[in-house]
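Hi,

Here is the structure I promised to pass on. Have a look at it first, and then read my notes on its salt bridges below.

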Amino acid sequence: MLEFENVSKSFWTGKQRKVILDRATFRVELGNSLGILAPNGTGKTTIINMMAGLEKPDEGKITRTSRVSFPLGFMGGVVNKHTATENCRYIARLYGLDPDYVEAFSRWLCGIDEYFDMPVGTFSSGMRARFSFSLLLALEFDIYLIDEGMPATTDAEFNRKAGTILRDRLQSATVIVVSHQAQTLEKFCRSAAVLRDGQLHMFETLEEAKQLYDYSYQG
């Protein structure tokens, strides 16, 4: 379970205060994947980062009783001067997992051959995206966080393998995905929410959420 209780978050832009959440309260239960619809620039990445514990709310309480992933594409735990091999083994130890397994899994999924033994700082953006996604899938979580703003990969073979693994994983896991497009949520979620004026309006179905989203932002 992941729960926000009266959570508020805002930023000063230099001209005005931008409100991301204003005393928002909601809960995500295991087995009920959630999609959040919000336009670009409204704080989708900030919300995902708060869910993961990467950012703290200004006020309120965030409770996690399940294993919540880092956001897809997050590279904060990766040291650029170290190789992918070294990073894999270090992160495996942090999570109490077998370093040999995490390295072998990530090496197989990435498919970047000899680059896996080179510093991550030398990787292209696509290679970095593949590496971070492979780490996410190597570490099993109860709730997976996906932000559409994260780096993407155009490698067809990687997408095929990673997509198959993710679909299998989601049979027993829960996903929270934020996007400005309803089509993105259709792949993962049945229930959805709309971010509007600092509040998350929760709906039982994606279709209901789309009606408010289209009226609020696209009408």
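**Notes on the salt bridges**

Arg23 counts as exposed, with a relative accessibility of 52%. Its side chain meets that of Asp22 in a salt bridge, with 3.1 Å from N to O. Asp22 is partly exposed, at 26% relative accessible area. Please keep in mind that this is a predicted model.

That pair is one of the 13 salt bridges that a search of the whole structure finds. Two others are worth a look on your screen.

Start with Glu3 and Arg27, whose closest N and O atoms are 3.2 Å apart in a salt bridge. Glu3 sits in strand E1 (residues 2-12) and Arg27 in strand E2 (residues 17-28), so this pair ties together parts that are 24 residues apart in sequence. Which of the two counts as buried? Glu3 does, because its relative accessibility is 14% and the cut-off for buried is under 20%. Arg27, at 42%, counts as partly exposed.

Then go to Arg89 and Asp100, where the side chains form a salt bridge of 2.9 Å, N to O. Arg89 belongs to helix H2 (residues 84-94) and Asp100 to helix H3 (residues 99-110), so the contact links parts that are eleven residues apart in sequence. Arg89 is partly exposed at 22% relative accessibility, and Asp100 is partly exposed too, at 46%. This pair also belongs to a network: salt bridges with shared partners join Arg89, Asp100, Glu103, Arg107 and Asp117.

Definitions and conventions:
Residues numbered from 1 in each chain as written. Predicted model: local features only at pLDDT ≥ 70, side-chain atom pairs only at ≥ 80, totals over all residues. Heavy atoms only, no water. Salt bridge = Lys/Arg side-chain N within 4 Å of Asp/Glu carboxyl O. Helix = DSSP H or I, 4+ residues; strand = E, 2+ residues; numbered from the N terminus. Buried < 20%, exposed > 50% of the residue type's maximum accessible area, 1.4 Å probe, protein only.
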